[in-house]
Amino acid sequence: MAAAADPATLRTGTAAGRWVLLTTVLGSTMVLLDSTVVNVALRRIGDDLDTDLAALQWTVNAYMLALAGLILLGGALGDRFGRRRVFVIGVVWFALASLLCGLAPNAEVLIAARALQGVGGALLTPGSLALIQASFHPDDRSAAVGLWSGFGGVGAAVGPFLGGWLVDGPGWRWVFLLNVPLAAVCVPVALRHVPESRDGQAHGRFDIPGAVLGALALAFLTYALIAAPDAGASAVVVGSAVAGVVATAAFLYVERHSKEPMMPLSVFASRQFSAVNLVTLCVYGAFGGFFFLSALQLQVVTGYSALAAGTALLPTTILMLLFSARSGALGQRIGPRLPLTVGPLLCAAGMLLFLRAGPGASYLLDVLPAVLVLGLGMVTLVAPLTATVLASVDQSRAGLASGINNAAARAAGLIAVAALPLLVGMGPDAYRSAAEFDRAFRLAMPLCAALLAAGALLAWLTVRNPGPVETEPESEPCHPECLTHCALDAPPLENGGASPSAGGSSSAERDTEER
């Protein structure tokens, strides 16, 4: 194996720097593709495996459950044992789970494999950006992050088109099998060309009880919501709901009393941080429900192919790719309160406009206007939300704050995917009936819009403008580095580097090399 370059000395214009960028882009693209293409494949999965709506909900939620529950732990493992090592393990794990998804003979195996995918995603997702921050010279770090984020955005934009083409052509299984060749390129490049790094100050025990209790709480609550339409208020459903509440209380108790908590509750002492996370729950809960149901609506009711359904939603990603950086700059000039209020309201208007996407709807007249309004709302909202999360805590805790915000968004999405069909009375076979699905969809979109309006109201009432840094006066604020962000399921995951314009450096500079 060739010796890798020293950490924190690589330049973007060198061959070594390009290899690191290629590795991290390939790894993050695997996760981005799955976050954008699986919803497009759900109808074909249900028909091929002859399963009900609950299994389709679990196909989405098993992945999000593992990812939301373990992503904070995944970042801590990389800091302690080596970011490259954990990243490579995550890529291999994700690829093997993807292979199992592609070969799944039934829904049960597919759901289990999706949960395993989520574990792999929790290992590789935090490591992708962390490797860049730990490998590149401070003068080139901002450019490297911009290239990584931009190429990732292109991958996210291509995802729905590619996924729809695969579903309509070779079949839905190739949506998952595509990750195997990506991993086959990514792993050897990482082992040969990416320098190992770790946080020399990382110490103490891992919060395994907190991670397990957090995942169990989400799992029990999700099961109760998904099973309720069929089983009603049965002993299993009620027991699962009660167990979810108990696990949540136990998680909070453990986090409050643990010496090394995964999610230290003291971070919520910042009122700004708490407020923005409440807004995040509202906003990403609505997004999760919308993207789950809209892809099915376009196929089941409007009559689109999988390719047409995936392409129909593409403008939201393109708008974010083109304008997220400008939105972030505008938010820094005028403060977060107005963008975090207007953005959710625009998204709510877009979802209500999507009610026009019924039988025989015209794409140009009915679907595209809704998608454009939704995309403008997301552009207005996402970058200022991330900036406000980072600015509400001390720089030393910015990576933790970003991880909590990212996990909160994913948890909100999985709860919404579980709860919406229950709330609108969607039956097990609703996705096989255009009339039944359309009826339920027309009830679901106003609920999503109401959740967004609640987020806008929360932002207006609770987010202060300009967002202060609620820490010691000598501390330095932290600003987002992922200015180009195109994932739709969660805010960008930041590692807490200082703003390049301020001439600061990230915590990666404290890293030590592992040979």
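A salt bridge is defined here as a side-chain nitrogen of Lys or Arg within 4 Å of a carboxyl oxygen of Asp or Glu. The model is predicted: local features need pLDDT of at least 70, side-chain atom pairs count only at pLDDT 80 or more, and totals for chains, interfaces and linings use all residues. Residues are numbered from 1 along each chain as its sequence is written, and side-chain values use heavy atoms, with hydrogens and water left out.

**Figure 1. Overview of the protein chain.**
The secondary structure of the chain comprises 16 helices and 2 strands. Helices (H or I, at least four residues) and strands (E, at least two) are DSSP runs, numbered from the N terminus. Of the 515 residues, 57% are buried; buried means under 20% relative accessible area, exposed over 50%, and partly exposed in between (1.4 Å probe, protein chains only). The accessible surface comes to about 19100 Å², and carbon and sulfur atoms account for 67% of this area. Accessible areas come from the Shrake-Rupley method with a 1.4 Å probe, and for residues only the protein chains shown count as cover. Contact denotes heavy atoms within 4.5 Å. Among contacts between residues at least 6 apart in sequence, 84% join residues at least 24 apart.

**Figure 2. Salt bridge between Asp79 and Arg83.**
The side chains of Asp79 and Arg83 meet in a salt bridge, at 3.0 Å from N to O. Asp79 is partly exposed, at 25% relative accessibility, whereas Arg83 is buried, at 6%. The count of salt bridges in the model comes to 7. Side chains of opposite charge can pair when their charged atoms come close.

Asp48 and Arg173 form a salt bridge in which the closest N and O atoms are 3.7 Å apart. This pair links distant parts of the chain, with Asp48 in helix H1 and Arg173 in helix H6 (residues 173–177), 125 residues apart. Asp48 is partly exposed, with a relative accessible area of 46%. Arg173 is also partly exposed, with a value of 23%.

**Figure 3. Salt-bridge network at Asp50.**
A network of salt bridges links Asp50, Asp429 and Arg432. Arg432 is partly exposed at 37% relative accessibility, and Asp429 is partly exposed with a relative accessible area of 42%. Asp50 lies in the loop between H1 and helix H2 (53–81) and is exposed, with a relative accessible area of 62%. Although Asp50 is not a glycine, it has a positive phi of about 50 degrees.

**Figure 4. Nonpolar core around Leu293.**
A nonpolar core is a set of buried Ala, Val, Leu, Ile, Met, Phe, Trp, Tyr and Cys residues joined through side-chain atoms within 4.5 Å. The largest such core has 128 residues, of which Phe287, Leu293, Met351, Phe354 and Phe437 touch the most other members. Apart from its neighbours within four places in sequence, Leu293 is in contact with Leu420, Met426, Phe437, Phe441, Ala444 and Met445. In soluble globular proteins, nonpolar side chains tend to be buried together.

**Figure 6**
Rings of Phe, Tyr and Trp (its six-membered ring) pair if their centres lie within 6.5 Å; planes under 30 degrees apart count as stacked, over 60 as edge-to-face and the rest as tilted. The count comes to 7 aromatic pairs. In the tilted pair of Phe268 and Phe273, the centres are 5.2 Å apart, with 55 degrees between the planes. Phe268 is partly exposed, with a relative accessible area of 28%, whereas Phe273 is buried, at 0%. Ring pairs also link Phe290, Phe291, Phe354 and Phe441 into a cluster. The charged end of Arg337 sits over the ring of Trp460, 3.8 Å from its centre; the criterion is NZ of Lys or CZ of Arg within 6 Å of the ring centre and within 35 degrees of the ring normal.

**Figure 5. Surroundings of Asn179.**
Asn179 belongs to helix H7 (residues 179–193) and is buried, at 0% relative accessibility. Leaving aside neighbours within four places in sequence, Asn179 is in contact with Met30, Asp34, Phe94, Ala95, Ser98 and Gln117.
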